[in-house]
Amino acid sequence: MIIAIDGPSGAGKSTVSKLVATELGFCCLDTGAMFRSVAWLALEQGISLEDGERLGQLAASSPISFVHEAHDPSPKQVFISGVDVTGEIRTARIDKSVSKVSCHPQVRSALLDQQRRIAQAGDYVIEGRDIGTVVFPDAQVKVFLTASNQERARRRVEQNRARGIGSVDFEEVLADIIKRDEADSKRDAAPLRPAEDAFMLDSSHMTTEEVVSTICDLARSKG
């Protein structure tokens, strides 16, 4: 079974996906980490984030892999072209760059086949922005997880403060979330939008446990 969880930045997709996968005994495929890895490598090599052709070539020629530990649905390490970028891809610099990379159809195409190949090998919870619409349109469970702009900014600030990476200025984070939403929604390649058959879930006034329980119950109802 594939559980696709889509939604905007800061909606809690990563946290929820890990907890759902743990509850159901599934694995997580961190597609966001794949785009972040390409963004990191592009910046390292001085490739313009506006150059879709070169970015697509970079993504196609730079294999991305994950290292998992037993009984842990989340990848422990992320590698691109053999380089461990686990920490590097979670910085504010990458937060602000990844949308510019993921909007290019050449990049999305280069990573699509690898995403499908990995996920078709077992039961996966996969989060992103076009998982239920483009990557896995036949996923048995599709959820569009969102929350208000203010709530998403509050959560992101708390997350950044806890990990010691990224901005903890609420207004700055809020402005970045709004800007990223606009970019993700208006891009030509796989814009952010819910699948027609997605279960809409607004978590603004829900606890993480309530969100996880809702999605797990939905999955169980699908068999």
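# A tour from helix pair to sheet to core

Start by selecting Val38, Leu41, Ala42 and Gln45 in H2, which meet Leu55, Leu58 and Ala59 in H3. Contact here means heavy atoms within 4.5 Å, and helices (H or I, at least four residues) and strands (E, at least two) are DSSP runs, numbered from the N terminus. The residues of this H2–H3 contact comprise six nonpolar, one polar and no charged; Ala, Val, Leu, Ile, Met, Phe, Trp, Tyr, Cys and Pro count as nonpolar, Asp, Glu, Lys and Arg as charged, and the others, Gly among them, as polar.

Before moving on, a word on what you are viewing: this is a predicted model, in which local features need pLDDT of at least 70 and side-chain atom pairs count only at pLDDT 80 or more, while totals for chains, interfaces and linings use all residues. Residues are numbered from 1 along each chain as its sequence is written, and side-chain values use heavy atoms, with hydrogens and water left out.

Now show both helices whole. H2 and H3 (residues 52–61) pack at about 115 degrees, their axes 10 Å apart. Axes are lines fitted to C-alpha atoms, for helices over the stretch in contact, and angles run from 0 to 180 degrees between N-to-C directions.

Next, turn to the sheet. Five strands form an open sheet in the order S2-S6-S1-S7-S8, with parallel pairing; two strands pair if DSSP finds at least two bridges between them. At its edges are S2 (27–30) and S8 (199–202), each pairing on one side only. Select S1 (residues 2–6) and S6 (residues 124–128): five bridges join these parallel strands, and Ala4 stands opposite Ile126 in S6. H2 packs on the sheet, where it touches S2 and S6.

Then colour the largest nonpolar core, which has 36 residues; Val38, Ile64, Val107, Leu111, Ile126 and Phe136 touch the most other members. Such a core is a set of buried Ala, Val, Leu, Ile, Met, Phe, Trp, Tyr and Cys residues joined through side-chain atoms within 4.5 Å. Helix H2 (residues 31–45) gives the largest share, eight residues. Centre on Leu111: leaving out residues up to four places away in sequence, Leu111 touches Met34, Phe35, Val38, Ala59 and Ile64.

Last stop: His104, in the loop between H5 (98–102) and H6 (105–119). Is His104 buried or exposed? His104 is buried, because its relative accessible area is 11%, and buried means under 20%, exposed over 50%, partly exposed in between (1.4 Å probe, protein chains only).
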